[in-house]
Amino acid sequence: MHELAVTEEILSLVLSEANKNSATKVKHVKLVIGEMTGIVNESVSFYFNEISKGTIAEGATLSFKRIPAAGRCRDCGYQFEVKDFVWACPHCESLNINITAGKELYLESLGVI
Amino acid sequence: MEIKVLKPILGANDQRAQENRSLLEKNNIVAINFTASPGAGKTSLLMATIKALRDEFRIGVVEGDVSSAIDAETVAKEGIPVVQINTGGACHLDATMISNALGSLPTQDLDVLFIENVGNLICPASFALGEHRKVLVASVPEGHDKPHKYPMMFSDSDAVVLNKIDLKPYIDFDEQKFTAAVEGLREGALIFPVSCKTGEGIDSWVSWLREQIRGEQGS
């Protein structure tokens with residue numbers, strides 16, 4: 001839903017990192033996105049293609065590493081990946097979960113020339 | 001050539017949020033970010049809260065909406081300094097918008113800033129504003145399943161105000177399930193059941209908020 005705003009930040013970070021490394025062209029962009037952020041890969045790619053036009057990142061390929069939501073049960077200590085967005089411990093069924101992964105949103109690396 | 005970056009995508013927003021926080025603290029202002037789905041009663045809660053606290057604190061308000069100045073007009077009628085931000089389609093407030101709004105508010109004459117975010121339980125979760133506390137306003141007609149549908153927002157909120165409890169007799173809302181889900185997603189979560197319509201529960205919500213404001217101002 002908020003992919004345009006997020007993609008604008010991605011592009012600005014990509015261009016700033018590419019400039020720092022005196023790159024003339026960005027070939028690919030590797031992103032890490034947690035499932036809980038609600039970010040849709042296809043929307044980010046779509047916006048990126050549009051807003052990167054006329055910059056050195058035009059035509060760059062985006063790849064996405066999706067991090068599943070994960071939790072640790074506060075009652076039995078079980079650590080697990082949240083499947084199908086069921087927010088309960090698969091071991092003891094408790095709802096008391098500390099979320100340990102799934103909120104990631106960062107730029108991992110860039111391929112440049 | 002491969003460049004390792006490993007930087008948060010919203011790092012620039014986080015940085016601006018930090019600058020807002022510094023500006024707020026320089027002026028000893030405590031900022032509260034209210035999030036909710038549309039129609040949960042953020043503005044009603046804000047009005048009830050302003051009424052209860054206006055004799056103790058100098059309050060300012062930032063209203064975030066996709067369009068219209070309806071909420072800002074409601075607040076301005078009370079003689080409270082208010083800035084309306086129309087995001088023009090964007091589904092959340094970001095730190096730059098708050099920074100601009102702070103420029104239009106009498107920051108030297110404020111103790112508290114209430115920020116009413118755009119009605120949306122997804123996007124505002126990702127954008128820090130520089131606030132001291134995040135309060136999520138939920139309401140009985142939305143249903144008890146919302147915490148598990150919007151876990152990011154619920155797990156990031158310091159307190160949840162459950163509004164419209166006067167409607168409980170008419171709606172299949174399982175308060176026990178709601179409470180268990182909220183407390184499950186955030187250890188020690190605080191839930192304040194209220195009705196902005198009847199005034200029920202407002203006192204205990206306001207006492208908690210007063211404590212938070214005094215605590216932050218004293219620190």
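B:Arg54 is partly exposed, with a relative accessible area of 33%. This residue belongs to a predicted model that holds 19 salt bridges over all chains.

**A salt bridge within chain B**

- The side chain of B:Arg54 meets that of B:Glu78 in a salt bridge, at 3.3 Å from N to O.
- This pair links distant parts of the chain, its members being 24 residues apart. B:Glu78 sits in the loop between helix H3 (70–76) and strand E4 (82–86) of chain B, and B:Arg54 in the loop between helix H2 (42–53) and strand E3 (59–65) of chain B.
- B:Glu78 is likewise partly exposed, its relative accessible area being 38%.

- A:Arg74 and B:Glu187 form a salt bridge through their side chains, with an N to O distance of 3.8 Å.
- The pair joins two chains, because A:Arg74 lies in the loop between strand E3 (70–73) and strand E4 (79–81) of chain A, while B:Glu187 lies in the loop between helix H7 (175–185) and strand E8 (190–193) of chain B.
- A:Arg74 is partly exposed at 21% relative accessibility, whereas B:Glu187 is exposed at 55%.
- A:Lys103 and B:Asp156 form a salt bridge in which the closest N and O atoms are 2.9 Å apart.
- A:Lys103 is in the loop between strand E5 (97–101) and E6 of chain A, and B:Asp156 is in the loop between helix H6 (151–155) and strand E7 (159–163) of chain B, so this pair also joins two chains.
- Relative accessibility is 31% for A:Lys103, which counts as partly exposed, and 24% for B:Asp156, which also counts as partly exposed.

**A salt-bridge network**

- A:Glu17, A:Lys20 and B:Lys7 are joined into one network by salt bridges that share partners.

**Helix H1 of chain A**

- Helix H1 of chain A runs over residues 3–20, and its 18 residues should span 26 Å at 1.5 Å a residue; the end C-alpha atoms are 25 Å apart, which agrees.
- The buried residues of H1(A) include A:Val6, A:Ile10, A:Leu13, A:Val14 and A:Glu17.
- Within chain A, the cover over the buried residues of H1(A) includes strand E1 (26–34), helix H2 (41–51) and strand E6 (105–112). From chain B, strand E1 (2–8) and helix H1 (11–26) are included in that cover.
- After H1(A) comes A:Ser22, whose phi is positive, near 50°.

How values were computed
Residues numbered from 1 in each chain as written. Chains lettered and ligands numbered in written order. Predicted model: local features only at pLDDT ≥ 70, side-chain atom pairs only at ≥ 80, totals over all residues. Heavy atoms only, no water. Helix = DSSP H or I, 4+ residues; strand = E, 2+ residues; numbered from the N terminus. Expected span 1.5 Å × (residues − 1). Buried < 20%, exposed > 50% of the residue type's maximum accessible area, 1.4 Å probe, protein only. Contact = heavy atoms within 4.5 Å. Salt bridge = Lys/Arg side-chain N within 4 Å of Asp/Glu carboxyl O.
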